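Welcome to a short tour of one protein chain. Take a moment to look over the sequence and the fold before reading on.

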Amino acid sequence: MADAPLHNDLANGPAGGQAFWVNASDAVRLRLAYWPGGDRGTIFLLPGRTEYIEKYGPAASEMAQRGYGTLCIDIRGQGLSDRALPDRMIGDVRDFDEYQRDVDAMLEFAQAQGLPKPFYLLSHSMGGSIALRAMHRGAAFRAAAFSAPMWGILLAPPMRIFSRVVTGLAGGIGLGHLYAPGTKGESYVTRAPFQGNLLTTSEPMYDWMRGHLESVPDLALGGLTLRWLAAALRDCAALQRMALPDVPTWCALGTLEKIVDPAPIHAMMARWPKGRLEMFDGAEHEIMMEKPHHRTRFYDATARLFDANA
């Protein structure tokens with residue numbers, strides 16, 4: 001473990017935040033950051049695809065006000081963690097099981113540093129699939145909060161069939177490292193104007209995210225490889241077939257969601273033994289980057305869940 005950079009001036013995280021380099025079991029170097037926040041426990045925050053630690057400084061501040069510390073990660077291939085390919089702007093992974101090594105590294109760090117217990121999960125989008133898989137593996141989290149979890153990818157039926165065929169063929173002939181159709185080596189928030197974006201209805205938050213990548217371009221990530229897409233489709237299908245963990249959870253989903261598939265979220269939360277789903281009227285994909293009333297509602301509900309499962 002060694003000190004790593006943390007751009008807390010951009011993150012607006014709680015005072016006392018620190019970042020560290022750690023190695024996963026397969027020697028991938030990962031960046032972790034811990035923001036202290038009280039003695040109620042530690043939240044393991046798993047970001048979505050293309051995201052990075054600094055984006056969740058406000059989330060850490062909100063949860064610190066409610067008595068929780070936050071441990072966040074640059075998932076492999078994102079932020080300042082190691083990337084698999086020379087092209088830094090392409091997201092790549094061969095199998096989603098690789099992400100579980102990142103969760104294991106977080107747990108090892110938290111145990112070694114004696115971070116306050118209990119441990120809780122907070123995740124967004126792709127982080128939601130990683131979080132659910134970790135729960136299936138028996139990771140010791142007391143409760144979990146999900147924001148628009150990626151338990152399905154929103155593709156039209158013809159594109160879904162096309163994607164399965166293309167990703168299968170590409171992998172078979174050694175082309176899995178190429179960009180998936182419709183993606184390219186440019187960050188969404190730097191190329192897409194606020195009007196018509198699929199992430200948030202809050203223009204100040206959208207501008208804030210864009211400012212991060214203008215200030216620290218190395219945080220940016222663009223499109224994804226064909227094999228990443230194939231791995232994601234396999235993982236989503238597998239998660240939908242599995243029994244759900246007997247762990248208290250709640251899930252937030254915007255009514256304007258256009259990135260992840262809402263149908264598996266509704267179906268899985270309806271059969272989750274200790275779960276509930278709340279819809280956020282007028283919110284898009286990133287509820288933690290939404291307008292203030294959505295953000296406050298989200299953090300209040302997350303704290304209530306965690307408080308009830310201390």
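For the lining described here, Ala, Val, Leu, Ile, Met, Phe, Trp, Tyr, Cys and Pro count as nonpolar, Asp, Glu, Lys and Arg as charged, and the others, Gly among them, as polar. Please keep in mind that this is a predicted model.

The count comes to one cavity of 30 Å³ or more, and about 50 Å³ of space lies in the largest cavity. Its lining is made up of Arg-49, Arg-76, Gly-77, Gln-78, Gly-91, Asp-92, Tyr-99, Leu-221 and Trp-228. By residue type, the lining divides into three nonpolar, three polar and three charged.

What does Trp-151 contact beyond its neighbours within four places in sequence? The partners are Gly-128, Ser-129, Leu-132, Phe-146, Cys-236, Leu-239, Gln-240, Pro-264, Ile-265, Met-268, Met-269 and Trp-272.

## Helix H4, mostly covered

Among those partners of Trp-151 are Gly-128, Ser-129 and Leu-132, which also figure among the buried residues of H4. Helix H4 (residues 126–136) has ten of its eleven residues buried. Those buried residues pack against strands E4 (42–46), E6 (119–124) and E7 (144–147), as well as helices H3 (97–113), H8 and H9 (262–270). After H4 comes Gly-138, with a positive phi near 90°.

## His-124 in strand E6

Strand E6, one of the packing partners of H4, holds His-124. Is His-124 buried or exposed? His-124 counts as buried because its relative accessible area is 2%, and the cut-off for buried is under 20%. Setting aside neighbours within four places in sequence, His-124 is in contact with Leu-46, Pro-47, Gly-48, Glu-51, Tyr-56, Ser-147, Ala-148, His-285, Glu-286 and Met-288.

## Helix H7

Helix H7 (residues 203–215) has 13 residues and reaches 18 Å from its first C-alpha to its last, close to the 18 Å expected at 1.5 Å a residue.

Note on methods: Residues numbered from 1 in each chain as written. Predicted model: local features only at pLDDT ≥ 70, side-chain atom pairs only at ≥ 80, totals over all residues. Heavy atoms only, no water. Contact = heavy atoms within 4.5 Å. 1 Å grid on protein atoms, 1.4 Å probe; cavity = no way out; pocket = protein on both sides within 12 Å on 5 of 7 lines; lining within 4 Å. Points joined across faces, edges and corners; volume = space filled by probe spheres on them. Buried < 20%, exposed > 50% of the residue type's maximum accessible area, 1.4 Å probe, protein only. Helix = DSSP H or I, 4+ residues; strand = E, 2+ residues; numbered from the N terminus. Expected span 1.5 Å × (residues − 1).
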